[in-house]
Amino acid sequence: MRTQVCIIGGGPSGLLLSQLLHLAGIDSVILERHTRDHVLSRIRAGVLEWGTVEMLEKAQAARRLHEEGFPHDGVLLSAQNRAFRIDFKALTGKRIMVYGQTEVTQDLYDARDAAGGTIVHEAQGVALHGLDGDAPHVTYVKDGTEHRVDCDFIAGCDGYHGVSRASIPEGKIRQFERIYPFGWLGVLSRTPPVSDELIYANHPRGFALCSMRNENLSRYYIQVPVDDPIGKWTDTAFWDELRRRLPNEAAERMATGASIEKAIVPLRSFVAEPMRHGRLFLVGDAAHIVPPTGAKGLNLAASDVHYLHEALVAHYGGDRLALDHYSPRALARIWQAIRFSWWMTTTLHRFPDQGEFAQRIQESELAHLANSATAQTEFAENYTGLPY
Ligand SMILES: Cc1cc2nc3c(=O)[nH]c(=O)nc-3n(C[C@H](O)[C@H](O)[C@H](O)COP(=O)(O)OP(=O)(O)OC[C@H]3O[C@@H](n4cnc5c(N)ncnc54)[C@H](O)[C@@H]3O)c2cc1C
């Protein structure tokens, strides 16, 4: 096979990039390790910045998002079991959209199918070759046969554990990492959300988050030790603990039910730079990870796609320097999101060595946020997404 851009990974970033390139007349092929059903079964992000919504509109994959998504104009934060609201719309004129990553991915698959895009599923043993030269190629095995894709460029959209970043020689890439000493226990339940807007709760027992997917599908999280056995967290134990950490009136009206998904995920901040090596460009989770506290992971994948797609279009339009700007432009925005996610994580979670002093500092930080329009505007700007 011959294509202009070979995309490794059929998650949100690979699909969005492929679709935008197609609309600009640039050909691509996606190689995905798993089946489509597997990719679509992963329950992950649910909060879209408006810039991400606009990217999906540009990709002609936003019809269902506008029919079924839930625009939110604000968010609730709580400390000492009392909540306050930050009004995004009033402070910045912007909103966010609640729409699950699974749905985004489905819509992008539909758009690629409608356009006749090539997506190879169950591509095993993907290997990248000739990154330093002018004619890179990718090999993979499908149904026992080895295949080869010749291309101009490779986009590594294959997530944190993918092959793309691992193909960059040691010494050519720097990695920055912070591992947080706790995890999030997430539960999905077919119950009405406790609140119309997300609630982020700071509590001496640990952080809690109330999120949602739709009117009858709730997504809740509590901070737990990352090595807690999942079996310890029966549904009853989870609901009891969540209630303790929420503002009283929310805890009292919360509807509970059987969990339909339950897992513990670790929290880390990670950045690899630069996001380019020769003809390879890293995109999304392949280059960076944020703790989910700021809801930035999927949104950063979308902004990376924005910068890379623009650079590739400019390159094929004759601007030979355009691709040099991809990594610095993307990284400038990524580090802002890394900072904001780190700040939210640090301010809202209970750390293992945290004494009463640090708890009071967190509470006073949140009290300042509750009372200062300036602090709220800064929060709202970051949460709804910095401009591209
Ligand atoms: C459990 C979990 C919960 C999350 N919750 C949130 C949240 O609440 N809010 C938020 O904003 N973000 C969240 N995230 C982060 C968000 O889901 C990611 O940032 C987003 O999926 C990034 O998209 P991506 O396309 O870059 O990577 P991915 O979605 O990881 O897609 C990469 C794709 O590449 C494929 N692949 C990997 N290796 C290879 C290979 N060698 N060859 C071929 N294909 C390969 C994978 O199968 C996958 O389909 C969460 C992530 C996880 C893991």
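Residues are numbered from 1 along each chain as its sequence is written, and side-chain values use heavy atoms, with hydrogens and water left out. Because the model is predicted, local features need pLDDT of at least 70 and side-chain atom pairs count only at pLDDT 80 or more, whereas totals for chains, interfaces and linings use all residues.

Helices (H or I, at least four residues) and strands (E, at least two) are taken as DSSP runs numbered from the N terminus. Two packed helices are described by the angle between their axes and the distance between the axes. The axes of helix 1 (residues 12-23) and helix 3 (residues 50-58) come within 9 Å and cross at roughly 50°, where axes are lines fitted to C-alpha atoms, for helices over the stretch in contact, and angles run from 0 to 180 degrees between N-to-C directions. Helix 1 is therefore oblique to helix 3, given that angles under 35 degrees count as roughly parallel, over 145 as roughly antiparallel, 65 to 115 as roughly perpendicular and the rest as oblique. Across this contact (heavy atoms within 4.5 Å), L16, L20 and L23 of helix 1 meet M55, L56 and K58 of helix 3. The contact residues comprise 5 nonpolar, no polar and 1 charged, with Ala, Val, Leu, Ile, Met, Phe, Trp, Tyr, Cys and Pro counted as nonpolar, Asp, Glu, Lys and Arg as charged, and the others, Gly among them, as polar. Q19 also lies in helix 1; Q19 is buried, with a relative accessible area of 3%, where buried means under 20% relative accessible area, exposed over 50% and partly exposed in between (1.4 Å probe, protein chains only). Leaving aside neighbours within four places in sequence, Q19 is in contact with A59, A111, R112 and A115.

Strand pairing requires that DSSP finds at least two bridges between two strands. An open sheet of 3 strands has the order 3-7-4 with antiparallel pairing, and its edge strands, strand 3 (47-49) and strand 4 (70-72), each pair on one side only. Neighbouring strands of this sheet are turned by 30° against each other on average, direction ignored. Strand 3 pairs with strand 7 (residues 96-98) in the antiparallel sense over 3 bridges, and V98 in strand 7 is the bridge partner of V47. Strand 5 (residues 74-79) and strand 6 (residues 82-87) are likewise paired in the antiparallel sense, over 6 bridges, forming a hairpin with 2 residues between them, in whose turn Q80 has a positive phi of about 50°.

A search of the whole structure finds 19 aromatic pairs, defined for rings of Phe, Tyr and Trp (its six-membered ring) whose centres lie within 6.5 Å, with planes under 30 degrees apart counted as stacked, over 60 as edge-to-face and the rest as tilted. Y160 and F270 form an edge-to-face pair, at 5.2 Å centre to centre and 90° between the planes. This pair links distant parts of the chain, 110 residues apart, with Y160 in the loop between strand 12 (153-156) and helix 7 (163-166) and F270 in strand 17 (residues 259-273); both Y160 and F270 are buried. The rings of Y180 and F182, by contrast, have centres 6.3 Å apart and planes at 25°, so this pair is stacked.

R178, in strand 13 (residues 174-189), is partly exposed at a relative accessible area of 47%. R178 and R268 lie 90 residues apart in sequence and 5.6 Å apart in space, C-alpha to C-alpha.
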